[in-house]
Amino acid sequence: PPADYPGLILPITKSATNTPGTAHSITLPGTTVAGELLLAATMWNANTTITGMTGWTNLSANALSPGQSEIWAKIATGSDGASVAATSSTAQAGAFMVARIAGNFNSLVSGTGYQLAVTTGVSGTAPDPPVVTPAWGSSDALFVAIATVRGDNATFTGYPTDYLNGDYHVTTNGGGGGAS
């Protein structure tokens, strides 16, 4: 499909902070086009408060005891750079994935253009997301399932039924517990 096809997921970047610290650099997909959606999944090895991420909207933050899972989003400007800085309130290791999505709804206003359903405390190696029924009805929708885990290089071995393009990233054991 063409690059502007609605909901087309373009390159996904993966990066990590493997040595615990408070300053983190999250790699972005590089070249972006104004209006694209950048969606970042972050996982930290202990509960923490994340700041920075200038120009990004925090869509979801979940303390997992231990661990902190967050979803951030930004409508690309076309000159978004190679990375975004994040700061954790305590020294952390973390794992990060950022997807570049073309053809999005161009809105990050709470409750408009996106809808979240979050389940915490799920175990297993093949996560299954909760059911989401879009509030906007039968219009086209892109469904993205994101799962995070905190543990010593734990990985997912399967992806939810009916989802395509599964991908994952694992940090090394960053100071007592990795994040993936």
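This is a predicted model: local features need pLDDT of at least 70, side-chain atom pairs count only at pLDDT 80 or more; totals for chains, interfaces and linings use all residues.
Which side chain makes a polar contact with the side chain of threonine 32? I looked it up: the partner is aspartate 80, at 2.5 Å. (A polar contact is a pair of N or O atoms within 3.5 Å; within protein, one must be able to donate a hydrogen and the other to accept it, and residues adjacent in sequence count only if both atoms are side-chain atoms.)

Residues are numbered from 1 along each chain as its sequence is written, and side-chain values use heavy atoms, with hydrogens and water left out.

Next I checked where threonine 32 sits: in the loop between strand S1 (8–27) and strand S2 (37–44). Strands are DSSP runs of E, at least two residues, numbered from the N terminus. Threonine 32 counts as buried because its relative accessibility is 7% (buried means under 20% relative accessible area, with a 1.4 Å probe and protein chains only).

Then I went to methionine 53, in the loop between strand S3 (50–52) and strand S4 (57–63). Methionine 53 is buried too, at 2%. Leaving out residues up to four places away in sequence, I found methionine 53 touching Ile26, Trp72, Val84, Ala85 and Ala86 (contact means heavy atoms within 4.5 Å).

Last, I looked at the largest nonpolar core, which has 14 residues. (Such a core is a set of buried Ala, Val, Leu, Ile, Met, Phe, Trp, Tyr and Cys residues joined through side-chain atoms within 4.5 Å.) Met53 and Val84 are among the members that touch the most others.

How values were computed:
Helices (H or I, at least four residues) and strands (E, at least two) are DSSP runs, numbered from the N terminus. Buried means under 20% relative accessible area, exposed over 50%, partly exposed in between (1.4 Å probe, protein chains only).
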